[in-house]
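A colleague asked for comments on the model shown below.

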2 protein chains.
Amino acid sequence: MRGAVLHAPGDVRVEDLDAPRILAPTDAIIRLAAACVCGSDLWPYRGIEKIDGPRPMGHEYVGVVEEIGDEVRTVSVGDFVIGSFFASDNTCEICRSGYQSSCVHREGVGGAQAQHMRVPLADGTLVATGGMPSDDLVPSLLAASDVLGTGWFGAVAAQAGPGRTVAVVGDGAVGLLGVLAARQLGAERVMAMSRHAARQKLATDFGATDIVAERGADGVARIKDLTDGLGAHSVIEAVGTQEAMMQAIHATRPGGHVGYVGVAHDVQLPGMELFFSHVHLHGGPAPVRRFLPDLVDRIMNRQIDPGRVFDLHLPLERAAEAYRAMDERRAVKALLRP
Amino acid sequence: MRGAVLHAPGDVRVEDLDAPRILAPTDAIIRLAAACVCGSDLWPYRGIEKIDGPRPMGHEYVGVVEEIGDEVRTVSVGDFVIGSFFASDNTCEICRSGYQSSCVHREGVGGAQAQHMRVPLADGTLVATGGMPSDDLVPSLLAASDVLGTGWFGAVAAQAGPGRTVAVVGDGAVGLLGVLAARQLGAERVMAMSRHAARQKLATDFGATDIVAERGADGVARIKDLTDGLGAHSVIEAVGTQEAMMQAIHATRPGGHVGYVGVAHDVQLPGMELFFSHVHLHGGPAPVRRFLPDLVDRIMNRQIDPGRVFDLHLPLERAAEAYRAMDERRAVKALLRP
């Protein structure tokens, strides 16, 4: 089969790979309908995260079940399924409390930028759509695998909902879908922080009521202006830098909630400042599995169209172009069709 | 009148001071029934926090209203009242959301280690007991002014309650009262971290079900042993050092809650570790005013006896001894009677 492999920084090649096989009786093999490039794939692509050797890439996936292990019960061959970046048993105490991405048996999932992939713990990890989705829904279902689920978790962690003002720091795919999530969860006022016209437009289409182009202290001041001087009730942090985290904390009112889902690179939070900010802080790797059944329903009912974050569609064979476009910020997010 | 003044590190003197007067129509003057020395008073006493000049000390207080400004409506001369370390209007949007210690009009309160003191924003700050409490209840009512209210907030921030396991980091007055709060809030299992026999005893009397004498990584391992390897649902951090904060975060299960009420001195939280811990983090200066009516009821009904944290009772004139005993850790908390 064909699959994308990172050989060295900047060097992604689509090549012939061994097809994956069932290794454990809880595994499933799926034939991918679509995959995509994640912001986090750019860390090794840029050489910031070291790789030990050639690495098959991709951890966002939708596809059709081709084969299942002997112990798989809840998905069947032929089902159209969606999973996420951590496989989880969905039965342990941590999973049952809604934190499947910290499942006591969690396993990383990889090699999704390919024609076929192996998904461990298939019963706990995969959600079937119930019928074959029409092709135009595939991008939205793929978005649910990571960026929608992550933006949704950010909004939930920030307690976005009716009667609460929401600010979103970060206008990447996750931030934009955080806007969508906040509105779906009932927030009437959602302030998107962005200075890129195309992303501002998408944020507005997803339901942002205000666009804040200022950054840093000026951005915080603008959020306060828009919230009677108090700050937002809920702030979604979808970047993961020190500046973005502090911007999120400063833009939140005392007693408000910061939901942070940007992977925190080189972030150190000053204790005294956090203490006197009086905010709630929650986040981490999104437990996408918690939200998947609901998100799949909303997509199948055409209530939301998160697939619009994919502004570049390419065949899998042109994966290298997809990485380049995202690395150079010419694309928000690239979808690959095997 | 007589009052305690810090002149320099280690130099507390009780001396003649001008009696306080009404400065704003929202002020009240109270005659103190009791005051006490706070752990935070030790920062300037030890010279770690600089003072500009002689500083009247004390911010925990109970007493009888002697005089009120023209605009004070909810307390009357002769009422026995309790307030806290921040004066708050209790009407602004932040107060109404339960964060009175971040009130938009908040003012610090000081000079409580004296015979009389001025309390700003009396209507929003003071809670009357409704009748003169019997003298043996005075220590417990005084505890409500700060250490009980702070331990209670820690327990609430950590979401201590029925069905949740609770661990408490810190065996000072706040930590011990965090144990009491967690039990009052319905937690069946409360693990107190302490290696001092007298404090272990008090923790047990306040409802701790387990005592953990280990610290650091060993303490975390012990909490995990006691919680099926997962960590506690709720951890109250009542110290404020880097070690204590990290111990609290590591002892909490994914999806669990850390309530931190130790003033965070020189704390820097590593973003990546916090991210993957999956904990909720909330804390800060306790909005004691939110809890005071309930706490006063529980004390007046003799349901709780938080005044037991005062293991040294002295007349105000011997304030210097009280500071020395706390500085040398011979006393958990010293009560002063004017």
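Predicted model: local features only at pLDDT ≥ 70, side-chain atom pairs only at ≥ 80, totals over all residues.

1. Relation of the two copies. Chain A can be superposed on chain B with an RMSD of 0.0 Å, by a turn of 180° with a shift of 0.0 Å along the axis. The two copies are thus related as by a two-fold rotation axis. The contact surface agrees with this description: 100% of the interface residues of chain A are also interface residues in chain B, so the copies meet through the same surface.

2. Extent of the chain interface. In the contact between the chains, 37 residues of chain A face 37 residues of chain B. The area buried between chain A and chain B is about 3,200 Å², and carbon and sulfur atoms give 64% of this area. On the side of chain A, E93(A), F275(A) and H278(A) supply 21% of the area that chain A buries against chain B, more than any other three residues.

3. Salt bridges between the chains. How many salt bridges are found across the interface of chain A and chain B? There are two salt bridges across this interface. One salt bridge joins the side chains of R253(B) and E93(A), at 2.8 Å from N to O. E93(A) therefore deserves attention on two counts, as it is also among the three residues that supply 21% of the area chain A buries against chain B, a salt bridge being counted when a side-chain nitrogen of Lys or Arg is within 4 Å of a carboxyl oxygen of Asp or Glu.

4. Domains of chain A. The domain assignment divides chain A into domain 1 (2-146 + 287-337) and domain 2 (148-283). The C-alpha centres of these two domains of chain A lie 26 Å apart.

5. Contact between the domains. Within chain A, 24 residues of domain 1 are in contact with 20 residues of domain 2. The area buried between the two domains of chain A is about 1,800 Å², with 66% given by carbon and sulfur atoms. F291(A), R308(A) and V332(A) supply 27% of the area that domain 1 of chain A buries against domain 2 of chain A, more than any other three residues. The count between these domains is one salt bridge. R308(A) forms a salt bridge with D205(A), and their closest N and O atoms are 2.8 Å apart.

6. A sheet in chain B. Three strands of chain B form an open sheet in the order 2-1-4, with antiparallel pairing. Strand 2 (11-16) and strand 4 (55-56) of chain B stand at the edges, each with a single partner strand, so one side of each has no neighbour in the sheet.

7. Pairing within that sheet. Strand 1 of chain B pairs with strand 2 of chain B over six bridges in the antiparallel sense, and G3(B) stands opposite E15(B) in strand 2. These two strands form a hairpin with two residues between them, and G10(B) in the turn has a positive phi of about 75°. Strand 1 (residues 2-8) of chain B pairs with strand 4 of chain B over two bridges, again antiparallel. In strand 4 of chain B, R55(B) stands opposite L6(B), and P56(B) is the bridge partner of V5(B).

Terms used: Residues numbered from 1 in each chain as written. Chains lettered and ligands numbered in written order. Heavy atoms only, no water. Least-squares fit on C-alpha atoms with pLDDT ≥ 70 in both. Contact = heavy atoms within 4.5 Å. Pairing = 2+ DSSP bridges. Helix = DSSP H or I, 4+ residues; strand = E, 2+ residues; numbered from the N terminus. Domains from an automatic or database assignment. Buried area = accessible area lost by both parts, 1.4 Å probe.
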